[in-house]
Amino acid sequence: MMNGHDFFGSTVDESWVDSTITAFNNLQCDITNKRETRWGRKNRKNTKNKSDRSDKTKIDRFIPIRDEHKFDAQQTYQQQQDNDQKKSNQNINNNNDQELVDDDKNEEENENNNDNQHKILSFQSKAPEAPDGYISNLRTLYTYNGHNEATKSKKVNKSTRRHISTSAERVLDAPDLMDDFYLNLLDWSANDIVAIGLGSRCYFWNSENGEINLLNDYGGDIYICSVAFNHNGQYIAIGTSNNIVTLYDTSTCKTLRKLYGHSSRIGSLSWNHSILSTGSADSTIRNNDVRQKNYHISTFGDNEDDIEQEICGLKWNNNINGKLLASGSNDNKLCIWRLQERTEQHGPYYQFTDSLSAVKAMSWCLWNNNLLATGGGSSDRKIRIYDINNNTGNLLSQCDTQSQVCSIQWNPFEKELLSSHGFTKNQLSIWKYPLLNKTHDLCGHTSRVLHTALSPDGTRVCSAAADETLRFWKVFEDNNNQNNTNDYDSYYSSSTHSNNKNNNNKSGINGLNLRIR
């Protein structure tokens with residue numbers, strides 16, 4: 001019986017097996033692209049990562065600091081680290097690169113000094129608490145300086161953020177108030193008395209106790225066209241439609257005398273101590289010294305070329321010792337006059353024709369007698385500021401108010417002025433001088449605000465409108481906290497008026513005696 005070896009040997013030739021093995025070994029085909037096993041791929045990837053990490057330069061991990069005051073230093077440090085890394089990768093010699101990095105680091109340490117301790121986040125213990133009763137001199141100094149700065153800032157904010165109420169403090173009825181742009185029916189005396197002309201009647205209202213008195217009722221077809229107190233409120237002048245000016249004693253309400261000479265209604269009045277200037281619809285201005293029997297001194301506007309239509313605005317630059325008289329008329333002219341000792345006049349000192357409408361609103365600056373503010377009617381609607389002195393008369397600035405300008409008042413304490421307007425808002429507006437930027441609008445009237453008057457203390461304004469109401473507004477503020485008096489001379493407390501006040505007081509200006517000589 002044959003075994004397995006004999007069977008294999010008997011059936012397969014050994015030479016044939018050897019040739020087959022040799023053929024497989026010499027086979028010309030690539031069998032390495034076969035699919036690699038999963039564990040083979042994993043081993044190859046790990047080997048590659050290890051080789052890559054060994055090639056990179058070993059650097060410290062950057063940890064950003066959290067100190068908000070070290071952002072700039074940290075950014076500079078990070079940029080320096082990036083530059084060092086680029087330089088190390090570009091250089092072939094690792095030893096030289098390492099020396100270069102060390103040098104740069106040393107320079108950075110020398111420049112930043114103590115800042116290096118903040119490059120890496122570190123936890124430090126808190127500073128020990130000071131013993132009880134310890135006071136730091138530096139802390140006291142800095143606290144005091146900070147207190148002064150805070151106090152200064154509060155003062156600045158107080159002046160720049162002055163609160164102005166947009167609603168009236170008081171409202172009074174004014175029935176029969178004429179809706180006539182060319183009249184001047186409101187005035188406020190140094191004795192805190194408000195005079196208002198309502199049709200044929202003139203009323204006094206005492207702002208201290210609210211008492212109302214009727215000064216006179218002209219009756220018939222006569223109506224009041226203008227009212228004006230003198231500088232100390234002792235007398236009041238009233239111009240009427242019958243071409244007469246009547247002077248009254250405000251304390252007794254008695255008639256003192258009457259002034260004649262005009263041929264038409266008298267719509268504007270202005271006092272200069274004992275001189276009363278009257279403007280009429282006959283286009284003339286008469287200057288009267290009320291102390292003299294022959295009161296007429298001179299006349300402005302006699303020439304036809306000077307003034308051609310009704311005088312609707314009249315203001316002396318100082319109601320005690322004025323040198324210049326401003327007049328506005330319905331022919332769109334603004335004229336500046338100088339009172340001469342002789343009766344002959346030779347035309348206006350200055351004449352401006354910038355306005356496109358009647359010039360009624362006008363006011364001399366209370367802290368600079370050379371500044372004159374004027375306002376135009378509905379066809380002009382502009383506020384203009386003029387600089388009037390002995391040599392020149394220049395237009396300094398102007399602005400379009402978008403509505404008819406009926407009256408103007410200067411702020412006695414700051415560089416501001418207030419104007420009253422007609423359609424469309426019927427408001428009072430406050431403007432900053434000299435840029436004439438509007439800061440506030442005071443609304444409340446339902447018709448055009450024809451007249452305004454300033455209180456004796458200079459802080460309040462009374463407005464009279466065609467809606468037959470009087471409204472009182474708290475608009476100005478005395479930042480110097482001076483004691484308010486009823487003497488109108490408090491307006492002239494600045495150094496520019498001190499000399500005039502002293503001279504006037506010596507001549508008994510506060511006790512004007514209206515005695516006919």
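Which order do the strands have in the open sheet of four strands that includes E3? The order is E2-E3-E4-E5, and the pairing is antiparallel. E2 and strand E5 (212-217) stand at the edges with a single partner strand each, so one side of each has no neighbour in the sheet. From one strand to the next, the twist averages 20 degrees. Within this sheet, E4 and E5 are joined in the antiparallel sense over five bridges, and Tyr203 stands opposite Leu214 in E5.

## The chain as a whole

The model is predicted. Its protein chain has 517 residues, of which 43% count as buried. The secondary structure comprises seven helices and 28 strands. Among contacts between residues at least 6 apart in sequence, 51% join residues at least 24 apart. The chain exposes about 30100 Å², and carbon and sulfur atoms supply 46% of that area.

## Nonpolar cores

The largest nonpolar core has 29 residues. Those with the most contacts inside this core are Leu186, Phe204, Ile236, Ile238, Leu470 and Phe472. At least two residues of the core come from each of strand E2 (186-188), strand E3 (193-198), strand E4 (201-206), strand E6 (224-229), strand E7 (235-240), strand E27 (460-465) and strand E28 (469-474). E3 provides the largest share, with five residues. Apart from this core lies another one of 14 residues, among them Ile383, Val405, Ile408 and Tyr433.

Phe472, one of the core residues with the most contacts, can be described by its neighbours. Leaving aside residues up to four places away in sequence, Phe472 touches Ala168, Glu169, Arg170, Leu172, Trp188, Val194, Trp205, Val461 and Cys462.

How many residues of strand E12 (residues 285-289) are buried? Five of its five residues are buried, and the strand is mostly covered. Ile285, Asn287 and Asp289 point one way from E12, whereas Arg286 and Asn288 point the other way. Residues on both sides of the strand are buried.

E12 pairs with strand E11 (residues 275-280) and with strand E13 (residues 296-300). E11 and E12 form a hairpin with four residues between the strands, in which Ser283 takes a positive phi near 65 degrees. E12 and E13 also form a hairpin, with six residues between them. The table sets out strand pairs of the model, including those of E12.

| Strand pair | Sense | Bridges |
|---|---|---|
| E4 and E5 | antiparallel | five |
| E11 and E12 | antiparallel | five |
| E12 and E13 | antiparallel | four |
| E22 and E23 | antiparallel | five |

Ser277 has Asn287 in E12 as its bridge partner, and Ile285 stands opposite Phe300 in E13.

## The sheet around E23 and residue His421

A further open sheet of four strands has the order E22-E23-E24-E25, with antiparallel pairing. Its edge strands are strand E22 (405-410) and strand E25 (437-442), each of which pairs on one side only. Neighbouring strands of this sheet are turned by 25 degrees against each other on average, direction ignored.

His421 belongs to strand E23 (residues 416-421). Is His421 buried or exposed? His421 is buried, because its relative accessible area is 0%, and the cut-off for burial is under 20%.

The side chain of His421 takes part in a polar contact with the side chain of Ser403 at 3.1 Å. A polar atom of the His421 side chain also lies 3.3 Å from the backbone oxygen of Gln404.

Which residues does His421 touch, not counting residues up to four places away in sequence? They are Thr401, Ser403, Gln404, Val405, Cys406, Asn426, Gln427, Ser429, Trp431, Arg448 and Val449.

Definitions and conventions
Residues are numbered from 1 along each chain as its sequence is written. This is a predicted model: local features need pLDDT of at least 70, side-chain atom pairs count only at pLDDT 80 or more; totals for chains, interfaces and linings use all residues. Side-chain values use heavy atoms; hydrogens and water are left out. Buried means under 20% relative accessible area, exposed over 50%, partly exposed in between (1.4 Å probe, protein chains only). Contact means heavy atoms within 4.5 Å. Accessible areas come from the Shrake-Rupley method with a 1.4 Å probe; for residues, only the protein chains shown count as cover. A polar contact is a pair of N or O atoms within 3.5 Å; within protein, one must be able to donate a hydrogen and the other to accept it, and residues adjacent in sequence count only if both atoms are side-chain atoms. Two strands pair if DSSP finds at least two bridges between them. Axes are lines fitted to C-alpha atoms, for helices over the stretch in contact, and angles run from 0 to 180 degrees between N-to-C directions. A nonpolar core is a set of buried Ala, Val, Leu, Ile, Met, Phe, Trp, Tyr and Cys residues joined through side-chain atoms within 4.5 Å.
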